[in-house]
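Reader: I have the model open now; could you walk me through it, beginning with the stretch that the database record picks out?

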Amino acid sequence: MSATRKSSLTPEMNVTPLVDVVLVLLIIFMVVTPQLEAGAAVDLPAAMNPDAENKNLEPTTVSLASNGSFYLDRKQLTRDALVVELKALHQAKPDAPVVLKADKGVAYAQVRGVFKAMQDIGFPGISLQVIDRKKH
């Protein structure tokens with residue numbers, strides 16, 4: 001009985017489960033990443049020389065979709081409900097930054113009306129989100 005007898009089997013690492021897990025994670029991130037954008041998905045208008053984006057701020061996003069829908073972050077609301085929610089937000093956080101995203105197909109009068117309503121509530125600085133015409 002030889003205790004020093006070597007086994008003819010050599011251990012090998014099976015990487016197939018590792019590759020499967022990595023591919024599943026890749027697919028999950030590919031699906032989730034587009035959903036991380038704040039507010040509703042809108043086709044933003046282009047502008048020359050927009051202000052630099054401040055990555056440190058986490059603003060509340062008000063979106064106007066091309067079909068006339070209003071969104072507060074990702075929550076669809078009527079215009080009146082949007083104003084009520086914005087008033088409550090302003091009372092809770094008077095200095096909260098707000099970004100207005102409007103689809104380029106939305107009439108200017110409608111965008112200006114929402115902007116004016118936010119000014120009347122008392123938000124100190126309202127930003128309009130656009131894309132840089134030079135980059136697109």
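Author: The end C-alpha atoms of residues 15–32 lie 26 Å apart, and this span is 94% helix and 0% strand, where helices (H or I, at least four residues) and strands (E, at least two) are DSSP runs, numbered from the N terminus. This is a predicted model, in which local features need pLDDT of at least 70 and side-chain atom pairs count only at pLDDT 80 or more, while totals for chains, interfaces and linings use all residues. Residues are numbered from 1 along each chain as its sequence is written, and side-chain values use heavy atoms, with hydrogens and water left out.

Reader: And what feature does UniProt place at residues 15–32?

Author: The unreviewed UniProt entry gives "transmembrane region" there; such positions follow the numbering used here, feature names are shortened, and annotations may be inferred rather than shown by experiment.

Reader: Switching to the sheet, what is the strand order?

Author: Five strands form an open sheet with mixed pairing, in the order β4-β3-β2-β5-β6, and two strands pair if DSSP finds at least two bridges between them. The edge strands, each pairing on one side only, are β4 (75–77) and β6 (126–128).

Reader: In which sense do β2 and β5 pair?

Author: Strand β2 (residues 60–64) and strand β5 (residues 98–102) pair in the parallel sense over five bridges, and Thr-61 stands opposite Val-99 in β5.

Reader: Which strands does α3 lie across?

Author: Helix α3 lies across β2, β3, β5 and β6, contact meaning heavy atoms within 4.5 Å.

Conventions. Axes are lines fitted to C-alpha atoms, for helices over the stretch in contact, and angles run from 0 to 180 degrees between N-to-C directions.
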